[in-house]
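Trainee: I would like to learn how to read a sheet and the residues in it. Please take the features one at a time.

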Amino acid sequence: GISFNITGITAENERDAVEVSGEAIHSSGEAYNNQYHFLLTIKNGKILELKEYMDTQLAAKILLGE
């Protein structure tokens with residue numbers, strides 16, 4: 001699995017931005033440490049929208065061996 005560590009949160013009105021670092025070991029034994037940004041729209045305690053941003057080149061390199 002992957003371990004997530006929240007490194008920053010910013011909230012304004014219905015939008016919340018969360019910065020996260022992730023750490024994992026791929027089945028190949030190679031470390032997979034990526035940085036993420038999640039942008040959430042929350043209304044009445046429910047998530048209406050979630051967008052995820054990350055280093056896709058790193059993901060392709062480690063997860064797909066490209």
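Mentor: Start with a term: contact means heavy atoms within 4.5 Å. Axes are lines fitted to C-alpha atoms, for helices over the stretch in contact, and angles run from 0 to 180 degrees between N-to-C directions. Helices (H or I, at least four residues) and strands (E, at least two) are DSSP runs, numbered from the N terminus. Here helix α1 (residues 56-63) lies across β3 and β4, at about 135° to β3.

Trainee: What should I know about the model and its numbering?

Mentor: The model is predicted: local features need pLDDT of at least 70, side-chain atom pairs count only at pLDDT 80 or more, and totals for chains, interfaces and linings use all residues. Residues are numbered from 1 along each chain as its sequence is written, and side-chain values use heavy atoms, with hydrogens and water left out.

Trainee: In what order do the strands of the sheet come?

Mentor: Strands of a sheet pair through backbone hydrogen bonds, either parallel or antiparallel. Two strands count as paired if DSSP finds at least two bridges between them. In this model 4 strands form an open sheet in the order β1-β2-β3-β4, with antiparallel pairing. β1 (3-12) and β4 (46-54) are the edge strands, each pairing on one side only. From one strand to the next the twist averages 20°.

Trainee: How many bridges join β2 and β3?

Mentor: β2 and β3 pair over 11 bridges, and Ser21 stands opposite Gln35 in β3. Their hairpin has 5 residues between the strands, and Gly29 takes a positive phi near 95° there. β1 and β2 pair over 9 bridges, while 8 bridges join β3 to β4. The hairpin of β3 and β4 has 2 residues between the strands, with Asn44 at a positive phi near 55°.

Trainee: Is Leu39 buried or exposed?

Mentor: Buried means under 20% relative accessible area, exposed over 50%, partly exposed in between (1.4 Å probe, protein chains only). Leu39 counts as buried because its relative accessibility is 16%. Leu39 belongs to strand β3 (residues 31-43) and stands opposite Lys51 in β4. Leu39 and Val18 are 21 residues apart in sequence, yet 6.5 Å apart in space, C-alpha to C-alpha.

Trainee: Which side chain of opposite charge is nearest to Asp16?

Mentor: Lys and Arg count as positive and Asp and Glu as negative; His and the chain ends are not counted. A salt bridge is a side-chain nitrogen of Lys or Arg within 4 Å of a carboxyl oxygen of Asp or Glu. Asp16, in strand β2 (residues 15-25), is buried yet has no salt bridge, and the nearest such side chain, Arg15, is 9.0 Å away.
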